[in-house]
Structures are given as structure tokens and as C-alpha cells.
Amino acid sequence: MEKGAKLRCQRIGCDATFTEDDNPDDSCTYHDSGPIFHDGMKEWSCCKQRSHDFSLFLALPGCKTGKHTTEKPAIATSARKPIPNVSPMNGASSKLTCSRCRQGFFCSEHGSQTKEVISKPLHVPAVPVANNVDDTCKSSPARAKKIVDLNEPQKCKNKGCGKTFKEKDNHDSACSYHPGPAVFHDRMRGWKCCDIHVKEFDEFIDIPPCQKGWHNADPVS
């Protein structure tokens, strides 16, 4: 290997570049144990940090420090144990404590899906609409644009990217990302947008992004 060559750290949560000559003991921040996926929640088992959003989950800072390495760690994912079957006598009360029923998901153990009923208040007087309002005022105002320093480092929150960028260097092909959601089903992990699915979490992290676009530090807005 060429001396001073840039290497990519393989620890989960790091993804930084380094050289063998510049690799102090606390240069790497990473997660040292695998994630847990349960009822839409993603959690790092090593530090209990969690998020429902997968891109925010991947951006959670590591809890361990050490040296960068080019060796891939053996990271295993796990799923929490399912709720045991209940007898018909206490089935109704178990629905109230079942996490899937309470969130409105279909539950095979209780055989039903909770539906939220939104009741409308009775005898609500109608509010007359003013007729002298100009048509240009009826539409909602445009959301104010976020003012960003062109030289301010920002972290891209597009799925599969996570790189730090400056707005002055941003352009329509600067970012490589996944436009579709991540899919976790029957111990398979993948991306809906490019229809690639693998079994291991580190293989899932290595699936290359399938689309180019602008870096975005605030994808919700």
C-alpha cells in the first residue's frame, strides 16, 4: 500500500478517511454493536439512541472512540422478542397494552386492527366567509426561505448520503442518495427505490445510492 494513501474507515457510524500516519487513539467515533428494529423504531443496542426516521437514525453520533480501521466489524442486527400469545379471557385487556394495536397496526395475535374514530362536535355554528377579501390574500403565504451562509458546513440528510457540504459547492449532482424508503421485512434489508435487498446490516449500509441530486440539510422543509 502506498505510504500516506487515504483509507476509508469501516466502523459503523464513522465513514471518515484517514492515513496510517495520522490515526490517533481517539480519532474515530463509532457504534460497536448492532442496531435493533422493532415496530418502526430503530435503536443502537450499544447506547440506546433511537429514532423512527431511518436517515436520522444513521446520523446518530457514535458512542465509542478509538482508532480508525479498514477491517469491517462483525455487526449483527437483532429484533426484540414478540409478545407471547394470550388467552381469550384477557385478550381484550392485552389489546390495550399491545404496542401494535395501540399504534393502529394490524396485529395477528389479536386478530384486529385498531381504527381511530374522529368524532365531530355537534351544533357548531357556521362561520361566515368574508366576501370582501381579495383573491390574492386567500391563498396561504409562501414559507419563508431559510437563510444559509454559503460557507457554513452542513450535514446532508438525504438517505444514504450523510456527507458534510457547503452551499457554495452544492449543485444538481453533488449528492448520491436513495429517494425511496428503507425496507425491512423477514430479516431482509433494502431500498424500495432500487429494489436491492440483503440479509446483513453492513451489506445494507454498503448498497450504493441510486440517484444524484442536491445536498439537502433540511429534507423535511
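## Salt bridges across the chain

Asp25 and Lys67 form a salt bridge, with their closest N and O atoms 3.8 Å apart. Asp25 sits in the loop between strand 2 (17-18) and strand 3 (28-30), while Lys67 sits in the loop between strand 7 (64-66) and helix 2 (91-97), so this pair ties together parts that are 42 residues apart in sequence. Asp25 is exposed, with a relative accessible area of 55%, whereas Lys67 is partly exposed at 41%. Please keep in mind that this is a predicted model.

How many salt bridges does the structure hold? There are 4 of them. Another one joins Asp206 to Lys72, and here the closest N and O atoms are 2.4 Å apart. Asp206 belongs to the loop between helix 5 and strand 16 (211-213), and Lys72 to the loop between strand 7 and helix 2, so the two tie together parts that are 134 residues apart in sequence. Both ends are partly exposed: Asp206 has a relative accessible area of 41%, and Lys72 has 49%.

Glu43 forms a salt bridge with Arg50, the closest N and O atoms being 2.6 Å apart. Is Glu43 buried or exposed? Glu43 counts as buried, at 3% relative accessibility, whereas Arg50 counts as partly exposed, at 45%. Lys48 joins in as well: Glu43, Lys48 and Arg50 are linked in a network of salt bridges.

Strand 4 and strand 5 (residues 41-44) pair in the antiparallel sense over 4 bridges.

## Aromatic rings

A pair of aromatic rings is described by the distance of the centres and the angle of the planes. The count of aromatic pairs comes to 12. One of them is formed by Phe54 and Phe57, a tilted pair with 6.1 Å from centre to centre and 35° between the planes. Phe54 and Phe57 both lie in helix 1 (residues 54-58), 3 residues apart, or about one turn of the helix. Phe54 counts as buried at 5% relative accessibility, and Phe57 is buried with a relative accessible area of 0%.

The rings of Phe201 and Phe204 have their centres 6.1 Å apart and their planes at 40°, so this pair is tilted. These two residues both lie in helix 5 (residues 201-205), 3 residues apart, about one turn of the helix. Phe201 and Phe204 are buried.

Which residues make up the aromatic cluster? Phe37, Trp44, Phe54, Phe57, Phe184, Trp191, Phe201 and Phe204 form one cluster. Elsewhere, a charge meets a ring: Arg11 lies over the face of Tyr30, at 4.2 Å from the ring centre.

## Around Gln154

Gln154 has its place in strand 10 (residues 153-155). This residue is buried, with a relative accessible area of 11%, which is under the 20% cut-off, so it counts as buried. Leaving aside residues up to four places away in sequence, Gln154 touches Val148, Lys163, Thr164, Phe165, Glu167 and Ala217.

Key. Residues are numbered from 1 along each chain as its sequence is written. This is a predicted model: local features need pLDDT of at least 70, side-chain atom pairs count only at pLDDT 80 or more; totals for chains, interfaces and linings use all residues. Side-chain values use heavy atoms; hydrogens and water are left out. Buried means under 20% relative accessible area, exposed over 50%, partly exposed in between (1.4 Å probe, protein chains only). Contact means heavy atoms within 4.5 Å. Two strands pair if DSSP finds at least two bridges between them. Rings of Phe, Tyr and Trp (its six-membered ring) pair if their centres lie within 6.5 Å; planes under 30 degrees apart count as stacked, over 60 as edge-to-face and the rest as tilted. A charge sits over a ring if NZ of Lys or CZ of Arg is within 6 Å of the ring centre and within 35 degrees of the ring normal. A salt bridge is a side-chain nitrogen of Lys or Arg within 4 Å of a carboxyl oxygen of Asp or Glu.
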